[in-house]
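Please take a moment to look over the model shown here before reading on.

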Amino acid sequence: MDFGFSQEQELLRSTARKFLENECTSGFVRARMEEPAGVTDDFWAKLAEQGWLGLVYAEEFGGSGLGFVDLTVLMEEMGRVVMPGPFFSTVLLGGLAIREAGSAAQRKEWLTKIGAGQAKATLAWTEPSARWDAAGVTCTAKENKGGFVLNGTKLFVPDAHLADVIVMVARTNEGKAEDGVSLILVPKDTRGVTVKLLPTMDQTRKLCEVTFQDASLPADALMGAKGKAWPTLTRVVERATVALCAEMCGGAQRVLDMTTDYAKIRIAFGKPIGTYQGVKHRAADMLVDVENAKSLTYYAAWAVDENSPEAPLAASMAKAYVTDAYRKVAGAGIQLHGGIGFTWEHDLHLYFKRAKSSEFTFGDSTYHRERVAQLINL
Amino acid sequence: MDLSLTPDQEAFRATVRSWLKSNMPREWKPTGSSEIPRAGQYEFLRRWQRTLFDAGYIGLTWPKDYGGRGLTFMEELILQQEMALAKAPPILNVLGVGMGGPTIIAWGNEEQKKRYPAKILSCEEIWCQGYSEPNSGSDLASLQTRAVKDGEHWVINGQKVWTSFAHVADYMMLLARTDPSVPKHKGITYFLLDMKLPGVTVKPLRQITGEAEFNEVFFDNVRVHESQVLGGVNNGWAVGLTTLMYERLTLGFGLQMRLRIALDGLVELAKGMEKSGRVVTKDPVMRQKLAQLWIDTECLKYTGARAITKLLRGEMPGPEASTGKMAWVDTHQRLQEIAMEIEGPYSQLVKGSDWAVEGGVWPHSFLRSRANSIEGGTTEIQKNIIAERLLGLPKD
């Protein structure tokens, strides 16, 4: 047993930290918040150059063929700087769905492009019902003249306005069951597809409404077997959830760092506020939350890499815990900073808002606790 | 990162497992709640520890010369997990094994190291810990029990309190003030005190459970030979604290597994009880609470694995080694509260009532769990330590 990161992984961490501290400064993040794109071409090209866009894709597609434990290191560092832009939607949603469900030709085309920074992707899954189960999939893909016709509305779709390709979750059989759910590859500018960028509380995450109105696609747009995509989708989302947890851990750690730094220098009643037990105890609670969040996330990343039968449980345990932990830590960070923590000028609100948007991505803690309850046969 | 075991470690696990299967005492009846040595079981538990010792299943990481087996923390971890999984009886000499022995091995002279540790493991000599006093709890360094030099002896006067096992102990790890003229941390010495010496009086203290697990200990001109000083005169603070981290880690793994066993017991309890005509595990609110307990309990395992990994790699323990106790306390106390919630009105009935659920074990362990956030350093002190040592916040 060796439940720690390797030297190569620690090297990846220090490389990522240095790169992101230089390239993804608070000024950069704030500029991206104000624009629809959420990323610059220059920054995206640099991510490709680092090899991070293809980190978890096979070498035959120009990727590095690394696993989720490696990715965890990178995600923690990205969360640490609240990195904006379509990395998550491209690499871990659209890209991962193509990796898991795509045909050889689809994989070759899109994963190669994504890894090289030449294409962005996303996953159009949730709908206005905001459900995470199969019954929530009501958009339809009806077979017609050897192809598919898509109809319906997707909501909370990350970065659809930037995506060169959207993986759409659609129902090819009527009903509410898991059986009948399919994945369809929808290229940008397909006629009948309308993307609308939505104003969001967390401006570092861009969310869209995507409407399909009699959008026609050829038969080879189908990924995997017709109607059998639900288990694959679950697998993709579990992996994306683990990566999200890692990103959240990185953000929570940064909030703790900022808060302890501040508690050492901010003077009240003639002493640094970190001298007072009211502050110390809350900071200690934050540390416990952060360390526990990491423990569960690292385990989930390992379980995913090992294809362990416990991976679904591990992912839900992590998301349930990390969601609460990041929310609590970010809230405590603001509280311990006092008034300055409530300002637009201070970066804390970026983390506070990221904690909130992450909370409702792939299910909140109540949802995942119930999933844990089911998986342990309660 | 790899959580799997090597073939050797797997083989060790199999050996331990089969040994436990064939050597589990027939008279032992495990309960669902977490097991701690209870008054009335001491003679049985003494024999059990002796059995473990004879089989080489205690003190695995201690050097061979001093009664141990010179193995790594991995074998210790595997052993603790298997003991918990098998619902084996607890170790009686828990303070000696967890703290006394490792401290003597770390600080003792050769004579002391030959004399004491093996008898700690075999349970021939039970140890208690003389740290807390009526006026020195969290502020331990302010302790007032005095030791004054008189020829080759130190003469001890004063009082200790909350001393678990003192009524059965052969020896005490005693902290006493040997120099009142220097700052409080610098005038303390660590003694290995024979509890049979004249002038030592033990008075049981009845606790919240109604049992007398712990005691007051009085010293009236107790003469201790100078050879019983451990780690040098006025060096007791360093000696006493050295092994705390180590102790938390090794005991921590056993605690995690016992927590898991208690949780399994709790789930069984929940499946067998109803609330408002519905099985407890079908109640959405209770499902949330039980799932959270499950997550928190599993989390302790992974936090422990991170800490052990650092030790195995020869690195300094990180924050994860210190947050474990706090997280364990919080989870265990919550588990016991939820057990009461599951039992509902039945939680009021204890041992002796035919109506008591599972013979009233849960109300007992619920009451006992209140000590968790006090014993071995209160949660408040733990938080101060974490804030100051790990986060670098200034001392007052």
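A residue is called buried if 20 or more other C-beta atoms lie within 10 Å of its own. This is a predicted model, and in it A:Lys120 counts as buried because it has 27 C-beta neighbours inside 10 Å. When neighbours within four places in sequence are left aside, the residues in contact with A:Lys120 are A:Pro86, A:Thr90, A:Asp159, A:Leu162, A:Ala163 and A:Asp164. A:Thr260, by contrast, lies 140 residues from A:Lys120 along the chain, and 38 Å separate the C-alpha atoms of the two.

Elsewhere in chain A there is a pair of helices to consider. Two packed helices are described by the angle between their axes and by the distance between those axes. For helix H8 (residues 277-305) and helix H9 (residues 311-337) of chain A, the axes come within 8 Å and cross at roughly 155°. Since angles over 145 degrees count as roughly antiparallel, H8(A) and H9(A) are therefore roughly antiparallel to each other. Their contact is made up of 20 nonpolar, 2 polar and 3 charged residues, and the crossing of H8(A) and H9(A) is left-handed.

Turning to chain B, the domain assignment gives domain 1 (7-92), domain 2 (127-235) and domain 3 (243-390). The centres of domain 1 and domain 3 of chain B, taken over C-alpha atoms, are 21 Å apart, and 16 residues of domain 1 are in contact with 22 residues of domain 3. On the side of domain 1 of chain B that touches domain 3, the residues divide into 6 nonpolar, 7 polar and 3 charged.

Conventions: Residues numbered from 1 in each chain as written. Chains lettered and ligands numbered in written order. Predicted model: local features only at pLDDT ≥ 70, side-chain atom pairs only at ≥ 80, totals over all residues. Buried ≥ 20, exposed ≤ 12 C-beta atoms within 10 Å, placed from the backbone. Contact = placed C-beta atoms within 7 Å. Axes fitted to C-alpha atoms, helices over the stretch in contact; angles between N-to-C directions. Helix = DSSP H or I, 4+ residues; strand = E, 2+ residues; numbered from the N terminus. Parallel < 35°, antiparallel > 145°, perpendicular 65-115°, else oblique. Left-handed = near helix turned anticlockwise from the far one by under 90°. Nonpolar A, V, L, I, M, F, W, Y, C, P; charged D, E, K, R; others polar. Domains from an automatic or database assignment.
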